Amino acid sequence: MNSEKLLYEGKAKSVFQGEKDDEVIIKFRDDMTAGDGARKESMGQKGYLNSILCAKIFEIIEEGGVKTQLIELNEPCVMTAMKLDVIPIEVIVRNIATGSIIRKFPFEDKTPFNPPLVQMDFKDDEFHDPMLNDDIAKALGIATQEELDKLRELALKVNEIMKKMFKDIGIILVDFKIEFGKDKDGNIILGDEISPDSCRLWDSETLDMLDKELFRQGKDDEVIDAYEEVFNRLVSDEDKAKFSIQ
Ligand code: C5P
C-alpha cells in the first residue's frame, strides 16, 4: 500500500495518499493544540476516540442527506476518505453565544442565537484565520457566490442533524467548525473532521463541558474523560463491532 506518502500534516491529523488516486488515508493523532498551535500536548487515546466519533458522526450526517468525505474507518485512528480539493474556509455554526464571538462582539455569554449564526473564517495560520465576508472570499478567489451559498446551506443542515443527534444523548450542541472540499466533479463535500476537538458540547443537565474547551482552559486532566463520555453515549456496542473495536 502506498500509504506512506504524506500529503499534508495538520495539527491533529496526517493525510497520506490512499491506494487509489482519488483516495486519502487520514491518521488521527493524539496531538492537541490551542492558541494557534502555541500550546501542544499529546493526549492519550484522543486519536482513537476522535476517529471513531468522527466516522460515526459522518455516517449520521450522510443519512441526513449531506455527502461526507468518509469512505471507511479501516481501524481506529485510520480512515479512508475521498481526496478533496480543500476550500480554505472554516465554517462555524453557533447556536449559543460563547468563545471568540463574545470577545469580538457585544453578545452576552450563553445567549441563544435564533436562527443559528453562520460565520466563515479564512483558514490561514499566517493570518490567524480572520473572519470573512462574501466579498472578501470572492476577491481572494477561494469560493464563488454560489459555493458560499451552498456552504451556508450545508452548514445549517449539518447543524440540524447534529443538534438532534446530540440532544438524543443528553448533549447541547453549542457551536462547531466544519470544512468542505470539492470532489473531482466539483461537488461540495463535507471533509476534515467533526469531533469534540471541533465542537463545543455541554451536558444538557449539568452544562459541564465535554470538549476541547477544557484543554483551552488548561484543564488537561479532564479532557480525555470528557471525550470518553461523548464516545460512550454516541457509540453503541453494535458500532464498536462494526468499527472492529474490541
Ligand atoms: O473559538 P471560537 O468561539 O471561534 O470557536 C467556535 C467553534 O469552532 C468551537 O466549537 C471551536 O471548537 C471550533 N473551532 C475549531 N477550529 C478552529 C476554530 C474554531 O474547531 N480553528
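**Note on the ligand site, charged pairs and backbone of a predicted model**

1. An oxygen atom of the ligand lies 2.8 Å from an N or O atom in the side chain of R94. The structure discussed here is a predicted model. In D175, a polar side-chain atom is 2.6 Å from an oxygen atom of the ligand. In E90, an N or O atom of the side chain is 3.1 Å from a nitrogen atom of the ligand. The protein covers 82% of the 450 Å² of accessible area that the ligand has on its own.

2. Which residues come nearest to the ligand? Of the 15 residues around the ligand, these are R94, S100, D175, R200 and R216. By class, the shell consists of 8 charged, 4 polar and 3 nonpolar residues. Three strands, β9 (89–96), β11 (171–182) and β13 (199–203), each supply at least two residues of this shell.

3. D211 deserves a separate remark. This residue is found in the loop between β13 and α5 (213–216). D211 is buried, yet has no salt bridge. The nearest side chain of opposite charge belongs to R216, at 4.6 Å; a salt bridge requires a side-chain nitrogen of Lys or Arg within 4 Å of a carboxyl oxygen of Asp or Glu. The side chain of D211 does, however, reach the backbone nitrogen of E213 at 2.7 Å.

4. How many salt bridges does a search of the whole structure find? The search finds 29.

5. K184 forms a salt bridge with D22, and the closest N and O atoms are 3.5 Å apart. K184 belongs to the loop between β11 and β12 (188–191), while D22 belongs to the loop between β2 (13–17) and β3 (23–28), so the pair ties together parts that are 162 residues apart in sequence. The two partners also have their own accessibility classes. K184 is exposed, with a relative accessible area of 71%, whereas D22 is partly exposed, with a relative accessible area of 34%.

6. A second pair involves E90, whose side chain has already been mentioned for its 3.1 Å distance to a nitrogen atom of the ligand. The side chains of K123 and E90 meet in a salt bridge, with an N to O distance of 3.9 Å. K123 lies in the loop between β10 (112–122) and α3 (134–140), and E90 lies in strand β9, so this pair ties together parts that are 33 residues apart in sequence. Are these partners buried or exposed, or in between? K123 counts as partly exposed at 28% relative accessibility, and E90 counts as buried at 12%.

7. Elsewhere, salt bridges that share partners join K13, E90, K123, K177, E179, D192 and E193 into one network.

8. Most residues other than glycine have a negative phi, and most peptide bonds are trans. In K110, phi is near 70 degrees, a positive value in a residue other than glycine. K110 lies in the loop between α2 (100–104) and β10. In Q45, phi is near 80 degrees, again a positive value in a residue other than glycine. Q45 is placed in the loop between β5 (39–42) and α1 (46–63), and counts as partly exposed at 40% relative accessibility.

9. Which peptide bond is cis? The bond from N114 to P115 is cis, with omega near 5 degrees. P115 lies in strand β10.

10. The last point concerns I96, which is placed in strand β9. I96 is buried, with a relative accessible area of 13%. The C-alpha atoms of I96 and F113 are separated by 5.4 Å, although these residues are 17 residues apart along the chain.

Technical notes
Residues are numbered from 1 along each chain as its sequence is written. Side-chain values use heavy atoms; hydrogens and water are left out. A residue is near a molecule or strand if one of its heavy atoms lies within 4 Å of it. A polar contact is a pair of N or O atoms within 3.5 Å; within protein, one must be able to donate a hydrogen and the other to accept it, and residues adjacent in sequence count only if both atoms are side-chain atoms. Accessible areas come from the Shrake-Rupley method with a 1.4 Å probe; for residues, only the protein chains shown count as cover. Helices (H or I, at least four residues) and strands (E, at least two) are DSSP runs, numbered from the N terminus. Ala, Val, Leu, Ile, Met, Phe, Trp, Tyr, Cys and Pro count as nonpolar, Asp, Glu, Lys and Arg as charged, and the others, Gly among them, as polar. Buried means under 20% relative accessible area, exposed over 50%, partly exposed in between (1.4 Å probe, protein chains only). Lys and Arg count as positive and Asp and Glu as negative; His and the chain ends are not counted.
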